[in-house]
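Try each task before reading its solution.

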Amino acid sequence: MSVLDFDNLSKNYGRTAALRELTLSIPAGSVYGLLGPNGSGKTTTLGLALGVLRPSGGTVRWFGGPPVATTRRRIGALLETPNFYPYLSARQNLQIVADVKQADSRSIEAALETVGLAQRQREAVSGFSLGMKQRLAIGAALLGQPEVLVLDEPTNGLDPQGIADVRELVKRVAAEGRTIVMASHLLDEIEKVCTHVAVLHKGQLRASGPVSGILSTTDRIVLGLPPGTAADVLRAALSSLPFVHDVRPENEGRVSCALAVGHTPSSLNQALFAQGLTLAHLELRHRRLEDQFLSIINNS
């Protein structure tokens, strides 16, 4: 079941298309990342989802229906850099947010515990680091016990410790059963936190699905037979092996493939030799996450 659906969603600013016919479904219980460089349409997508922006075309559906006041109460969001009253304590700031949201004040304690600020709730926010303020902002978004949490670049500007803290917080919130939709330009963040990803580039969807399928750092094996041997012979042999997958043509008549867990280039070489094929070239190509991402946005 999906909690959020985009159907041919578009947003134009004059002649500039910020988002082009996005069709995407966010499954319930997922941590769904919107990944792309600056200007790819991530923040625009979240703004349209939350009703902050009006679409130029297409529709947004929450929980199977159009966005209305009752459905918006089921969503918590952090779209911009958090702003708090610096002279007030963390708890006092959350009390103000709870009053605006008409949320039960008892949820403040739960939010402070979740974001790890219960022990410092009486301190003025002016003494908080940027990472602590970001965690407090997520706590504010959690007031009212929303089913879905929407976060725009939640680790932007943070130091390594702050990034790690927010990353663990997102995992902890997701473990409570909430659906999380988050935008980020950081590959590492998406890979470590998200279950699903949609890659956006220049306002267009380039790929979507489980992170393990879209962003994979699986090593590839590049193979070649002696000159004069047809590459089709090698591709056919590889396709017959159950532990080989994703067979692709390469330059100079070579072929690349990925191996199932537990198998090595040596075992592949032996399996091909058993079929009467002697390799003239065998190369283990380590695949970087950055290479995979660039391949998606440049070749899709």
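**Exercise 1.** Is arginine 248 buried, partly exposed or exposed, and at what relative accessibility?

*Solution.* Start with the cut-offs: buried means under 20% relative accessible area, exposed over 50%, and partly exposed in between (1.4 Å probe, protein chains only). Arginine 248 has 35% relative accessibility, so arginine 248 counts as partly exposed. Next, look at its partner. Arginine 248 forms a salt bridge with aspartate 246, and their closest N and O atoms are 2.9 Å apart. A salt bridge here is a side-chain nitrogen of Lys or Arg within 4 Å of a carboxyl oxygen of Asp or Glu. Aspartate 246 is partly exposed too, at 33%.

A note on the model: it is predicted, so local features need pLDDT of at least 70 and side-chain atom pairs count only at pLDDT 80 or more, while totals for chains, interfaces and linings use all residues. Residues are numbered from 1 along each chain as its sequence is written, and side-chain values use heavy atoms, leaving out hydrogens and water.

**Exercise 2.** Find the salt bridge between lysine 42 and glutamate 153, and say where each residue lies.

*Solution.* First, the distance: the side chains of lysine 42 and glutamate 153 meet at 3.9 Å, N to O. Then the places: lysine 42 is in helix 1 (residues 42-49), and glutamate 153 is in the loop between strand 6 (148-152) and helix 6 (160-175). Helices (H or I, at least four residues) and strands (E, at least two) are DSSP runs, numbered from the N terminus. The two residues are 111 apart, and the pair links distant parts of the chain. Finally, both lysine 42 and glutamate 153 are buried.

**Exercise 3.** Which residue is the nearest side chain of opposite charge to aspartate 5?

*Solution.* Locate aspartate 5 in strand 1 (residues 2-13). Aspartate 5 is buried yet has no salt bridge; arginine 61 is the nearest side chain of opposite charge, 4.1 Å away. For charge, Lys and Arg count as positive and Asp and Glu as negative; His and the chain ends are not counted. Now turn to serine 25: its side chain makes a polar contact with the side chain of aspartate 5 (2.5 Å). A polar contact is a pair of N or O atoms within 3.5 Å; within protein, one must be able to donate a hydrogen and the other to accept it, and residues adjacent in sequence count only if both atoms are side-chain atoms.
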